[in-house]
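Work through the exercises below with the model open. Try each task before reading its solution.

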Amino acid sequence: PSVPRHTNRLVNEKSPYLLQHAHNPVDWYPWGQEAFDKAKNENKLIFLSVGYSTCHWCHVMEEESFKNKEIGEIMNKNFVCIKVDREERPDVDKVYMTFVQATSGGGGWPMSVWLTPDLKPFVGGTYFPPEDGVHRVGFRTVLLRIAEQWKENKDALLENSQKILEALLHRSEIRVQGQESPPPSKEVMATCFQQLSKSYDEDYGGFSESPKFPTPVNLNFLFTYWALHRTTPEGARALQMALHTLKMMAHGGIHDHIGQGFHRYSTDQHWHVPHFEKMLYDQGQLAAMYSRAFQISGDEFFADVAQDILHYVSRDLSDQAGGFYSAEDADSYPTTVSGKKREGAFCVWAAEEIRALLPDPVEGATEGTTLGDVFMHHYGVKETGNVSPMKDPHQELKGKNVLIVQCSPELTAARFGLEPGRLGALLREGRRRLAAARAQRPRPHLDTKMLAAWNGLMISGFAQAGAALAEQEYVSRAARAAAFLRRHLFDPASGRLLRSCYRGEDNTVEQSAVPIQGFLEDYVFVIQALFDLYEASLEQGWLEWALKLQHMQDKLFWDPKGFAYFSSEAGDPSLLLRLKDDQDGAEPSANSVTVTNLLRAACYSGHKEWVEKAGQILAAFSERLQKIPITLPEMARATAAFHHTLKQVVICGDPQGEDTKEMLRCVHSIFSPNKALMLADGDSTGFLYHQLPFLASLERKDGKATAYLCSNFACSLPVTSPQELRGMLCS
């Protein structure tokens, strides 16, 4: 590679996204004191650009504007330019995104915001084309106009930015009003179900026409709704909605049939043409959802998809030290000699490529049938490509095919006169050959940043799949990742989590010079992961760490006046607002998940104040939960756990005993949302016996592994057969 012409301060950063911009002709600074001081000393405005490494339009804006020397000169002359990786600093991203959404009615990345030297926003937007067009003003023009305004009308700008900040503070406040109590669970659940049912796509599953997102939070809600209304028509519909959506997604092009795992979202109603980036948080949550679907339905199809996701993550998103990487990009070079990246190039196929790879005649099929014919029919491949030009505005997928399963195995087999039983092996062979061919293509960029929160979601995925599918290796993989978190993303001296660490040059794990402290979502998703890992492995050490982290979360983020938790801690003068997220999106919001975490923590510790805090969070979000629970399905789901109180499922037995294992298998095979599983192994010096003295009074009946169902520390009669236990859990 030639020596780069320009180098800016981002070259000293660890984030893959910031490093991508280290050789722009823009004099980028990372978010920090050096940039703030420069703006103040030189009395310059700040231009803040926020994005992430797998963001398609971020790449486009960089190519068009940030690599342009003249635009770079305008930026450097008039502004202090700051680049932020939103995955590293969700706190900074949320403050300014709140502003952009409030002032422009929309938001997204790249986010472009202009700030006064004291960091107050006054103009913002997302992607700007470099030059003026018919409908949009160009980035160059915007830069020059804003610079001019600052020269001419500085005082008006400063006054305006102060007003904007006051309005934002008022708008973004979520707090309990007066003596509010938690909203009634039954109504919240019913409203949320009705709102999801209305927006449900009967044909293709999912909850909008297009674009279509996986939204695991909706599916999780529907599974819980079904479990609480198993015998009603609404309960049956909730289950059907969730299972049909998961099935259609798995058949769709959003699912990578050759390389496994799921892409970010579908641009069309049919789950066909995706945006091709793959995010860790999707894989973690979807692995849990497909495992749950298998647990409920017993259909191996769902177990296979869960295994497919975990295979992808183990192979492509795993660091050798045990952590998980953040994401794989959508754009890549079509061939080793291409000069320009294209979206989806790594994943799409021309019909002739597939024909050439699969020329073998198929024995026992209609005369002249090749493996290519069978494969192409099953996966909807067309000679001229199967992507509608409407879904391909930049013509990047012209003549290409995104594989999608459009007919059942029975129909494909019948079409070629094959025995239905033979089709699976033929398709497997086809996928294997395409995977080998694809391995020769240049790979998309891998974001090797490792985030505590997303690692937490992935640990939950492995742990829940391990328990539901009875696959010990998944539980071990989850434990390895949890040990990685404890080693690299936790500071034992302060007891605090760190946000991120990075893969270094020689594959070692590195930390930035000043580590970023963990945010609320890091604590919440890691605590959830540790509870899931305890239930799957019954190693008490994970439980002990989870409870310590819960105490730390309370100390750093709890709002004693308005209730619920702030997303970031107090005391950072560069953050203008302390916000509380009020939406479950691609990831559930931290306050939603923490309600269930607090109830689980109380079950394992006997600390009643955690139940009280859970109720206070629900009270703070009460209005939203009663009017538009569809924006908080994970919190709506948690109202049921709060209302019904979690059942403690206690198994008394020898951890190595076959009878104990059988009882545990029974618990793991049933989807029962409002429970906390624990093993009373008889070691009265252990952590759990110390936390929960009542365990000492529970005994093994006739020396056999015995199960008790306890609620508020009062227990049912003991049962010793898995059948009886199953009856108790399902009632």
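Predicted model: local features only at pLDDT ≥ 70, side-chain atom pairs only at ≥ 80, totals over all residues.

Residues are numbered from 1 along each chain as its sequence is written, and side-chain values use heavy atoms, with hydrogens and water left out.

**Exercise 1. Locate the domains.**

Solution. Start with the bounds, which come from an automatic or database domain assignment. They give domain 1 (9-172), domain 2 (347-440) and domain 3 (648-730). Next, take the C-alpha centres of domain 1 and domain 3: they lie 56 Å apart.

**Exercise 2. Describe the nonpolar cores.**

Solution. First, the term: a nonpolar core is a set of buried Ala, Val, Leu, Ile, Met, Phe, Trp, Tyr and Cys residues joined through side-chain atoms within 4.5 Å. Buried means under 20% relative accessible area, exposed over 50%, and partly exposed in between (1.4 Å probe, protein chains only). The largest core has 156 residues, and Phe223, Tyr290 and Ile651 touch the most other members. Helix 19 (residues 520-537) gives this core its largest share, 12 residues. Helices (H or I, at least four residues) and strands (E, at least two) are DSSP runs, numbered from the N terminus. A second, separate core holds 30 residues, including Val26, Leu45, Met61 and Ala147.

**Exercise 3. Classify two aromatic pairs.**

Solution. Rings of Phe, Tyr and Trp (its six-membered ring) pair if their centres lie within 6.5 Å; planes under 30 degrees apart count as stacked, over 60 as edge-to-face and the rest as tilted. The structure holds 31 such pairs. For tryptophan 28 and phenylalanine 66, the ring centres are 5.0 Å apart and the planes at 90°, so this pair is edge-to-face. Tryptophan 28 is in strand 1 (residues 28-30) and phenylalanine 66 in helix 3 (residues 56-66), 38 residues apart. Tryptophan 28 is buried at 0% relative accessibility; phenylalanine 66 is buried at 1%. Now take tyrosine 523 and phenylalanine 557: centres 5.5 Å apart, planes at 65°, so again edge-to-face. This pair links helix 19 to helix 20 (residues 540-557).
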